[in-house]
Structure formats: structure tokens, C-alpha cells
Amino acid sequence: MSAVVKVNPIACEAYGYCAELLPELVTLDEWGYPIVDGRPMPRHLVELALRAAKDCPRRAFLVEESAESPSRRGGRPRTR
Amino acid sequence: MPTATTDPTAGTRSAGAGTSSSRGDDQVRPTLLAGWHAHRRADLAAHVAYHGAPPLPRRGDTSWAERFAGVVDASGLTGRGGAAFPSATKLGNVRSARGRPTLVVNAMEGEPASAKDKVLLSCVPHLVLDGAELAACALDAGLIVVCVPDAHDDTAAAVQRAVVERVGTGHAPVPVEVVRPPGRYVGGEESALVSWLNGGPGAPTWRPDKRRPLAIGRGAALVHNAETLAHMALVARHGPASFRATGSPEAPGTSLVTVSGGVEHPGVYEIAMGTALGAIVNRARPTDDVKAVLTGGFGGSWVPAAALGTAYTPRAMAEVGGVVGAGVLVVLTRGTCGIAETARVARYMAGESAGQCGPCVFGLPSVADDLELLAFGTADPSLLARLEMRVAAVEGRGACRHPDGVARMVRSALAVFATDAAAHAARGPCAFAGTASVLPSITFLSPNRARAGSGGRA
């Protein structure tokens with residue numbers, strides 16, 4: 001099991017805390033709304049991601065379990 | 001604009017037997033509008049005289065639902081509301097859900113360039129109701145809800161008449177209610193519709209897991225497009241082979257297509273799936289040489305005239321960058337500006353955002369701003385790059401697919417009208433940018449410009 005972040009676009013009001021805490025996973029568009037890629041995240045970021053979820057004033061930043069393995073980051077298709 | 005909005009039959013005049021199209025076979029087929037063409041009457045007696053009674057289940061026939069689902073599966077029928085999802089799969093999903101389901105007939109048709117739901121419900125309401133009742137029986141649904149936009153009084157009255165006619169005839173196994181949700185662009189999106197039916201605001205909801213069925217009260221909701229249900233009524237009567245006799249193996253059956261824009265006879269045509277795009281366009285008599293066609297509606301995709309030979313099926317159209325969707329074609333003829341028309345569509349779509357998701361609320365007006373600058377103003381050197389970036393920034397970022405549709409439409413415009421876009425960026429608006437629009441939305445928004453819109457020799 002691994003984790004992915006999701007943004008509930010209806011709840012999100014562009015506070016931007018998630019991007020500040022987690023620049024590795026979240027960038028902001030020109031209107032201040034977070035862009036996430038929906039891919040499984042490396043294990044060392046899970047704790048930060050959970051904190052970002054807790055800190056989101058709109059509870060729009062979500063961390064969910066994913067069945068996919070967290071191996072595909074940094075543009076390389078298959079690491080293992 | 002589609003004449004069907006004022007006279008539902010105007011555009012269907014040449015449909016009928018034409019559904020056999022390129023097969024050169026004049027045999028009368030059990031098609032959606034055949035009954036209408038034979039009798040020009042929408043009442044129950046005319047309907048039953050032409051099509052016969054619908055094969056509703058006998059009391060105690062426990063295997064009927066299974067057989068019905070099997071017949072729909074074998075027909076290869078796919079949803080005609082836009083997603084082209086296999087109808088039998090959709091029946092199965094809800095049948096396995098808990099609670100007594102509601103069958104929702106989606107005739108919301110928020111797309112300004114579409115008129116097929118209006119035509120179906122005005123000309124053959126009993127075919128739609130047959131299909132709804134069959135699907136409702138298959139699901140053991142407790143209620144059928146027919147959704148007609150609040151502004152479409154004539155259509156709602158036509159369905160209501162049909163519903164009343166059926167009471168006490170044995171054609172009404174499940175109670176039917178006609179309801180009038182707000183008729184905006186995203187109003188027909190199924191989660192928006194179900195939200196409204198549950199007493200909510202009628203805006204799309206965020207559904208990370210789309211496999212979970214929607215619910216009305218405690219039961220599941222099965223939302224079917226009106227045309228899909230009308231096809232089901234024919235499939236149940238005549239069997240899968242009859243349905244597959246028209247169309248292509250990949251996309252069987254007929255489909256209703258609304259043709260508008262630079263044509264002499266805008267309206268709704270019933271065509272065999274797989275008919276060449278150009279042949280469909282020609283039935284509406286373009287007013288001049290065709291330059292491009294907006295396929296799939298305002299959230300669809302432009303295809304160039306070079307694609308007119310393409311078979312009208314979801315797969316073949318996708319190969320040339322087009323969209324079948326809910327069967328919408330807007331024809332752009334020579335002497336019009338694709339960039340200007342695209343800017344108008346984008347501005348309209350920006351105004352039709354449900355206003356919930358930031359990237360849609362802010363992104364779509366930004367995209368429209370850039371396009372208007374490109375179409376009618378003076379483009380700054382970074383405009384095209386910025387526009388492409390903004391299009392990418394709105395895609396996939398909403399709760400519903402509204403921004404995705406706009407992104408697709410604008411991208412296709414920048415590809416199909418690439419030469420025009422470059423010329424506008426370098427030298428300002430072309431000679432045709434100020435020409436009145438041929439788009440149905442523009443005539444819809446400003447009726448006094450409607451007559452000036454065809455731009456050709458009409």
C-alpha cells in the first residue's frame with residue numbers, strides 16, 4: 001500500500017498551505033489553486049502530507065491509500 | 001439555431017427512411033423517428049399502431065429482468081448522452097445496488113447546439129416512456145422521473161400529455177413524474193441532476209470514485225439519456241439483431257444528430273452510426289464550402305473539412321480529433337472566423353461554470369479573455385503560449401468535466417485554425433472576425449442577431 005494526495009476542487013479555496021508544506025507534491029496555478037499529479041508519493045513524504053491534510057482550513061487536501069506502488073517518481077517509468 | 005426549438009419537426013423532414021443511408025437499402029426499419037414520419041402524431045394510439053405494445057414483463061416472470069439485460073447487452077447499445085457507456089453495464093451496476101432505485105430520464109440537454117431531447121419528447125414521447133418503463137421494470141424501480149429543463153414548457157407539456165394518456169392503459173407499470181430542474185449547461189451532468197432531485201442546489205458533486213452509484217433518498221439512481229431509453233424500447237421489441245442491422249459493428253444502431261451553424265436546414269437528423277460526417281452535414285445543406293465542424297457541442301472538438309470523410313462513430317471520430325458525444329454538429333463555412341467563434345464559445349462556457357471549483361471559476365474566463373484578445377484585439381507576443389498554459393491548467397481540475405470540455409474545444413481550435421491563430425497573433429483580427437456568429441448560443445443570447453448569422457448565400 002502507498003499513499004496519494006487528492007484535492008477536493010469544490011472545497012478548496014486556495015489557502016495554499018499545502019503547497020507551502022509540500023512543494024515536492026503540490027504546485028499552485030496562477031490563481032493560487034493546488035495542482036497535484038495523483039501519483040503515489042514516496043514514503044518519506046507521507047507524514048508531511050498527513051499534516052497538510054490536517055492543516056487545510058477547508059479540509060480539501062486529502063491523503064488516500066492507493067493500490068499502486070510508490071515507485072514512479074522523478075519521471076522514470078520503472079525504478080525497481 | 002436549431003429550428004427544433006420552435007418547431008420540433010422542422011429539421012427532421014429528411015430523416016425517416018434515410019437511416020438506411022449508405023447501405024442503399026430502402027426497407028423500413030424500426031428507428032426512433034419512423035413512427036413520427038409515418039403518422040405525424042405523438043399520441044399513444046399512433047405510437048402503438050406503429051410500434052405495437054412494449055414487451056413489459058408478465059406478473060411473476062422472475063427471469064424477465066435478466067433476459068432484458070441480456071438483450072440490451074447483445075444489442076451493443078451505448079449511452080447517447082455523451083459518454084457512450086454500454087447501457088447493459090449501467091443496468092447491471094444499479095441492479096446490484098441496495099434499496100429501491102429511481103429511474104431518471106435525462107432530457108436536460110444543456111448544450112445550446114443540441115435539440116434531440118426536445119424532438120424525442122415532442123414527437124415520440126411514448127417511445128421514451130416505453131424505454132423508461134422497461135428499464136424501471138428491469139431494476140424494480142419504484143419511480144420514473146423525467147427531467148425537462150425549467151424553460152422548456154412545450155417539451156414538458158408534451159411529455160406530461162403522454163404520461164396522462166398512459167394512465168390506466170396497462171402501459172404504466174411504474175409511476176412517472178415530470179420535473180423541471182434549472183436548465184443550465186451543467187444541469188444535465190448526472191451528479192448535478194441527482195443533487196437537485198435530492199433537494200440540493202443542482203450543481204455537480206465531487207465524486208472521486210465514480211463506480212459508486214448515485215443515490216436518490218436511500219435507493220440507487222439510474223440516470224439514462226432520453227435517446228438511450230428510446231433505443232431500449234426498440235431493442236426490447238425487435239431484438240438485438242434488428243438494432244445491429246443499422247450502423248457499424250463497433251457502433252450499432254441509429255443516432256439523433258443536431259446539425260446547426262452555417263446550414264440551410266438546421267435541425268435534428270436520425271442517421272445510421274458510421275455514416276460519413278460529410279454526408280450528415282450535407283443533409284442540412286451547408287450554405288457555402290465547409291471550413292470546419294464543431295463536433296460534440298460546445299465542450300467538444302473542432303475538426304477540419306479534411307475530416308468530412310470520417311465515419312461518424314466514437315472511435316473513428318476520435319482518430320481525427322472529433323467527438324460524437326451527444327450528437328451535435330455545428331458547421332462553420334467559408335467566410336467565417338474560427339478564432340472568433342471559438343472565443344464566443346469559450347466566453348459562453350465560462351459563464352456556464354457552476355461556480356464551484358477555482359480552476360474553472362478563474363481559469364475559464366482567463367481562457368476566454370485570451371481568445372477574445374486574439375480574435376478581436378491586439379495580441380501581446382506571449383499570448384499564444386499563455387493561452388496554451390491556461391488551457392492545460394484548467395484541464396482535469398474540476399469536480400465535473402466542464403473545464404475539460406472547454407480545454408478540448410480550445411485546443412482543437414488552436415490546431416484546426418492554427419494558420420488563422422498565427423495570422424491573428426501577428427497582424428490582428430482577420431476580415432471575418434467581425435462577421436455575425438453562426439453559433440446557436442449567440443443567436444440564443446441575442447435573438448435580434450439570429451437572422452444575420454448564416455454568413456453565406458442563404
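This note reviews the strands, helices and aromatic pairs of chain B in a predicted model.

1. Basis. Local features in this predicted model need pLDDT of at least 70, side-chain atom pairs count only at pLDDT 80 or more, and totals for chains, interfaces and linings use all residues. Residues are numbered from 1 along each chain as its sequence is written, chains are lettered from A and ligands numbered from 1 in the order in which they are written, and side-chain values use heavy atoms, with hydrogens and water left out.

2. The sheet containing β1. Five strands of chain B form an open sheet of mixed pairing, in the order β3-β2-β1-β5-β4; helices (H or I, at least four residues) and strands (E, at least two) are DSSP runs numbered from the N terminus, and two strands pair if DSSP finds at least two bridges between them. Because β3 (176–179) and β4 (215–216) of chain B each have a single partner strand, one side of each is left without a neighbour in the sheet. Strands β1 (residues 102–106) and β2 (residues 143–147) of chain B are parallel and share 5 bridges; in that pairing, Val104(B) has Val145(B) of β2(B) as its bridge partner.

3. Helices on this sheet. Helix α6 (residues 125–139) of chain B touches β1, β2, β3 and β5 (219–225) of chain B, and its direction makes about 155° with that of β1(B). Helix α9 (residues 226–244) of chain B also packs on the sheet, touching β1 and β5 of chain B, at about 85° to the direction of β5(B). Contact here means heavy atoms within 4.5 Å; axes are lines fitted to C-alpha atoms, for helices over the stretch in contact, and angles run from 0 to 180 degrees between N-to-C directions.

4. The sheet containing β10. A further open sheet of 5 strands in chain B, with mixed pairing, has the order β7-β6-β10-β8-β9. Its edge strands are β7 (267–272) and β9 of chain B, each pairing on one side only, and the twist averages 30° from one strand to the next. β8(B) and β10 (residues 328–333) of chain B are antiparallel over 5 bridges, with Ala292(B) opposite Leu332(B) of β10(B).

5. Aromatic pairs. The whole structure contains 5 aromatic pairs over all chains; rings of Phe, Tyr and Trp (its six-membered ring) pair if their centres lie within 6.5 Å, and planes under 30 degrees apart count as stacked, over 60 as edge-to-face and the rest as tilted. One of them joins Phe298(B) and Tyr348(B) edge-to-face, at 5.6 Å centre to centre with 90° between the planes. Phe298(B) lies in the loop between β8 (290–295) and β9 (301–304) of chain B, and Tyr348(B) in helix α12 (residues 338–351) of chain B, 50 residues apart. Phe298(B) is buried at a relative accessible area of 0%, and Tyr348(B) is buried at 10%; buried means under 20% relative accessible area, exposed over 50%, and partly exposed in between (1.4 Å probe, protein chains only).

6. Packing of α12. Helices α12(B) and α13 (residues 358–376) of chain B pack at about 155° with axes 8 Å apart, and are therefore roughly antiparallel (angles under 35 degrees count as roughly parallel, over 145 as roughly antiparallel, 65 to 115 as roughly perpendicular and the rest as oblique). α12(B) also packs against α15(B), at about 170° with axes 10 Å apart, so these two are roughly antiparallel as well. The α15(B) contact includes Val345(B) and Met349(B) of α12(B), and Val406(B) and Met409(B) of α15(B).
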